[in-house]
Amino acid sequence: MSRSVVEQATEELRRAILTGHLAPGEEYSLRELAGMLNISFIPIREALRSLESEGLVIMRPGRSAVIAPLNLDDLHGIYRLRRALEPEIAQRSCTLLTDKDLDRLQSQAADFGAREHGMADIYDDHHAFHLALLAPAATTWDIRVLTTLWRAGERYIRIGFGQLDPDPAEHERRGRAHMDLLDAFRTRDPATVDAAVEQHLARNEKIAISALS
């Protein structure tokens, strides 16, 4: 079996789950999923095992899997772990990022405020933006753990922020929030950066919670 087939199946199923095409709480047989992707059971099963390790599916005895339901305790757990990691990494990263790095990220942040861009349009760039802010001080394991947490929270973020997309003021706030984060990093002051990241996470968690209402 080609490893690329498993990787492709994993990516396609992950995308379908994160965008809500495969709905939380719904059960799907391996036959259904294999039919959707037009591949055999074996790579589907391997892909589902990977997605189970990410907390996105729950394997059932036999040949089926349940898309993990949205859960308030899980969401709080994701953000509790993010708060334990991201502010501390950011404190160190702010002294390592160059002005050129921050200027490049500022142009990206400006795009987040464009009225024609909904959360679904900018999510990948948004992920890359936050990774770039932390990368200079992050180890391979930091990035691995954070990527898992970001993926686990992505469904909540997409739904919560997506509900706000019709409001033009939300787009302006979204852009401003990321500009404020960059302003904090430009101070090169770890305490200022810590507070800014904490505030950013707190607001995002509040909006993500709205996905459960």
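This is a short tour of the structure above, stop by stop.

**Before you start**

The model is predicted: local features need pLDDT of at least 70, side-chain atom pairs count only at pLDDT 80 or more, and totals for chains, interfaces and linings use all residues. Residues are numbered from 1 along each chain as its sequence is written, and side-chain values use heavy atoms, with hydrogens and water left out.

**Stop 1: the whole chain**

Show the protein as a cartoon. It has nine helices and three strands. These are DSSP runs, numbered from the N terminus: helices are H or I with at least four residues, strands are E with at least two. Starting at the N terminus, the order is α-β-α-α-β-β-α-α-α-α-α-α.

Now zoom out. The C-alpha trace spans about 55 × 40 × 30 Å along its principal axes.

Color by accessibility next. Buried residues make up 43% of the 213 residues. Buried means under 20% relative accessible area, exposed over 50%, and partly exposed in between (1.4 Å probe, protein chains only).

**Stop 2: salt bridges**

Side chains of opposite charge can pair when their charged atoms come close. The structure holds 19 salt bridges. Each is a side-chain nitrogen of Lys or Arg within 4 Å of a carboxyl oxygen of Asp or Glu.

Select Glu 54 and Arg 14. They form a salt bridge, with the closest N and O atoms 2.6 Å apart. Glu 54 sits in the loop between helix H3 (41-53) and strand E2 (57-60), and Arg 14 in helix H1 (residues 3-18), so the pair ties together parts 40 residues apart in sequence. Both Glu 54 and Arg 14 are buried.

Go on to Glu 170 and Arg 174. Their salt bridge has its closest N and O atoms 3.5 Å apart. Both residues lie in helix H8 (residues 168-186), four residues apart, about one turn of the helix. Are they buried or exposed? Glu 170 is buried at 5% relative accessible area. Arg 174 is buried too, at 1%.

Then pick Glu 88 and Arg 92 in helix H4 (residues 72-93). Their side chains meet in a salt bridge of 2.8 Å, N to O. Glu 88 is partly exposed at 39% relative accessibility. Arg 92 is partly exposed at 35%.

**Stop 3: the negative patch**

Switch to a surface view. Select Asp 111, Glu 116, Asp 121, Asp 124 and Asp 125, which form a negative surface patch. Patch residues have over 30% relative accessible area and no salt bridge; like charges are joined within 9 Å, nonpolar side chains (Val, Leu, Ile, Met, Phe, Trp, Tyr) within 5 Å.

Which helix gives the largest share of the negative patch? Helix H6 (residues 119-134) does, with three residues. Asp 124 lies in helix H6 and is exposed at 59% relative accessibility.

Stay on helix H6 for Ala 128. Ala 128 is partly exposed at 38%. Its C-alpha atom is 9.8 Å from that of Gln 108, 20 residues away along the chain.

**Stop 4: the nonpolar patch**

Finish with Leu 72, Ile 209 and Leu 212. They make a nonpolar surface patch of about 200 Å². Ile 209 belongs to helix H9 (residues 190-209) and is partly exposed, at 31%.

Technical notes
Areas by Shrake-Rupley, 256 points an atom, 1.4 Å probe, with all protein chains shown as cover. Lys, Arg positive; Asp, Glu negative; His and termini not counted. Charge placed at Lys NZ, Arg CZ, Asp CG, Glu CD.
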